[in-house]
Amino acid sequence: MGKEVLPQSQLSDNDQHGINRKEDEEVNDSPIEEVRLTVPITDDPTELALTFRTWFLGLLSCCFLAFVNDFFSYRSNQLYITAVSAQIVVLPLGRLMAATLPDTKISVPFTNWSFSLNPGPFSMKEHVLITILASCGSGYVYAAHIITIVKALYHRGLHPFAALLLAQTTQLLGYGWAGLFRKYLVDSPYMWWPSNLVQVSLFRALNEKEKRPKGGLTRLQFFIIVFISSFGYYVIPGYLFPSISAISFVCWIWRDSITAQQIGSGLHGFGIGSFGLDWSTIAFLGSPLPTPLFAIVNILVGFVLVFYVLVPICYWTNVFQARRFPLISSSTYDGAGKIYNITRILNDETFDINLASYDNYSKLYMSIVFAISYGLSFAILMASISHVALFEGKTIWTLWRKAKSASKDKFSDVHTRLMKKNYEEVPNWWFYVVLISTLALSLLACEGFGKELQLPWWGLLLACAIALFFTLPVGIIQATTNSQPGLNVITELIIGYLYPGKPLANVSFKTYGYISMAQALSLTQDLKLGHYMKIPPKSMFIVQLVGTIVASSCYFVTTWWLVSSVENICLPDLLPTGSPWTCPGDNVFYSASIIWGVIGPLRMFTSLGNYPQLNWFFLIGFLAPFAVWLLSIKFPEKKWIKLIHMPLIFSGAASLPSAKAVHYICWGVVGIFFNWYIYKRHKGWWARHTYVLSAALDAGVGIMGVLIFLVLQSFDNSYGPNWWGLEADDHCPLARCPTAPGIVAKGCPVL
């Protein structure tokens, strides 16, 4: 970098803002304290950004992460590597290239373009763009699930070009929505995207020259120490002693009591007294360190109200026949408490429901936690709409009217002014061209190739309309709370009613409706990171576009190769003993395609099914924010009332049953400790180290996890001692047992 970035307190007023006060009378820093404490307010527009090193290291990282994450997703021991790992590794590689490559200029054939292999010292902006490319590869391509279930589980043919278009278009549609809303989700200083501050802290720790405080550590030294500690420690919960990831001592005391184990189990019950000694347990819901305190409190309040009040009442009063099934499970069941036999109700030829067989078999049942989680997903979506309309509607309207305002606009801050002063904006038509082209290719994928995907043109347009409608309200929630309500359930519900009996149409609609919104917000979040790091917007756009195309292509090739070459992949009963190719995520996706696409919501959430009462959650979710809004008007002096966030409260337990009690407990304790106690008592330490700590813990676990898998657990082998602690469970077997009289379950007493 060549220029030391001083703390804000040591800069003059003019230097602090990077703008001469004579040119701009109103100079205000970000209104968000966390941003003021973390993001630098200087910029060097001459700094290198889009170079040969950026493309070489960025595309290499993108392809590597795409391949590794997709490859591991098919195995029993799933592993997800974030872009943070690449962010750390590419820095010394970039500096090595800067030190060794010649400065030879190379001309691009048939153009006037040329580039240098070594244009100068490796810069932070190059580092940021490489990490953006890596993040494109680390994000999962949801359409890979569809390709897998069609070829491996439905055993149907799928045209490879149709599959490639599906993978590409579901990822690229988000560019249109990102372009429409970037004025409000990126330029506004109030949309601050908390998780980006982790990245900013890490970039600064790795790149900036920093004077070591007396008796302390620089941020880079702190990062290295924590990273090595996390890296070394994870060999214990990751390989030698997995049982410490969830410790439920209550089960050790009451070995023969179903009720006691349900109360004490952290993985299969209420988790009273349970805890984990593993960062991957703490961060199962995402790292708690960058999550704002008010979001943590709202989520925990929702979790406690649902999991420790509503669920026990429903379970022990046998609502929805709950005691016939495990307390917490994502499986589906028949009326006898057995796993639902899907093959008994499917037409082999048409792949839709056989109503006569269904009527002669059983309605579909879920565990009480699984059922309530569906109700919560309904409430979250409705609460998101009404909450944003009530609390953010006026701001959104004002932002809309002032979108083209000058730099003196009150919604601008120093970061926005610097970006507008130093760089050209991306023209809107760039986004629109991508949107229109992608929409045309999406129509080809759905209507062409013999309509293999089953989704008609009107279904595709409806999915796009849903994604467009929810992008802004969900984006506002994520940009301010670090939490994103998903659209997967509501999309399944809509197409399940409108076009029942078509499983591939259901999952395709869900992917176009849900993933295009999620991808739009992922792109927007990266745009905000570039905004904080002062990356030229056009360079960001090009890197994101190329990275998305390359990553989705790599996912397609890896998926197609695996499902075509691994015999009986995703079919555990037919695989050899010890084979890792069990596809846990794809099997859940496959079950969802049956539940929502074959059986359909009509036979689940109306009088024809077992769960019509869950529809009340739509109304409850819509009305709940009104109560908070009215209280905030009645008592305007009570500032804490506006911190009651109903979408977050409803989403508190929505990650169940995938997330368990021990994950919530550990996440909440660590989050409150750092974002309340440390923030209040040691704000200087918090500002300097918290986000760096989060990144170092994530990176250590991720890289050690890769090494353990490749060195000790690959090729169907596992080396090391065989003992009780190797079981990745909390040793509460009875917590999974039904408690209704006469129900027979493997390993459980019959009551």
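Reply: A polar atom of the Asn-615 side chain lies 3.1 Å from the backbone oxygen of Pro-612. This is a predicted model, so the distance is computed from predicted coordinates. Asn-615 is found in the loop between helix H24 (584-599) and helix H25 (616-634). Is Asn-615 buried, partly exposed or exposed? Its relative accessible area is 28%. Buried means under 20% and exposed means over 50%, so a residue in between is partly exposed. Asn-615 therefore counts as partly exposed. Phe-605 is 10 residues away from Asn-615 in sequence. In space, the C-alpha atoms of Asn-615 and Phe-605 are 7.0 Å apart.

Next comes H25. Ser-632 lies in this helix. A polar atom of the Ser-632 side chain is 2.6 Å from the backbone oxygen of Trp-629. Ser-632 has a relative accessibility of 7%. That is why Ser-632 counts as buried. Which residues touch Ser-632, once neighbours within four places in sequence are left aside? They are Phe-391, Ile-641 and Lys-642.

H6 spans residues 143-153 and is mostly covered. Of its 11 residues, 10 are buried. Among them are His-145 and Thr-148, along with Ile-146, Ile-147, Ile-149 and Val-150. Ala-143, Ala-144, Ala-152 and Leu-153 are buried too. Just after H6, His-155 takes a positive phi of about 55°.

Step back to the whole chain. It holds 28 helices and four strands. Buried residues make up 57% of its 751 residues. Take contacts between residues at least 6 apart in sequence: 79% of them join residues at least 24 apart. The radius of gyration is 26 Å. A compact globule of 751 residues would have a value near 27 Å, so the two agree. Along the principal axes, the C-alpha atoms fill a box of roughly 80 × 60 × 60 Å.

Last, the surface and the charges. The accessible surface comes to about 31,700 Å². Carbon and sulfur atoms account for 64% of that surface. The chain carries 52 positive and 44 negative side chains. The centres of these two sets lie 6 Å apart.

Conventions: Residues numbered from 1 in each chain as written. Predicted model: local features only at pLDDT ≥ 70, side-chain atom pairs only at ≥ 80, totals over all residues. Heavy atoms only, no water. Helix = DSSP H or I, 4+ residues; strand = E, 2+ residues; numbered from the N terminus. Rg over C-alpha atoms; globule rule 2.2 N^0.38 Å. Buried < 20%, exposed > 50% of the residue type's maximum accessible area, 1.4 Å probe, protein only. Contact = heavy atoms within 4.5 Å. Areas by Shrake-Rupley, 256 points an atom, 1.4 Å probe, with all protein chains shown as cover. Lys, Arg positive; Asp, Glu negative; His and termini not counted. Charge placed at Lys NZ, Arg CZ, Asp CG, Glu CD. Polar contact = N/O pair within 3.5 Å; in protein donor to acceptor, adjacent residues only side chain to side chain.
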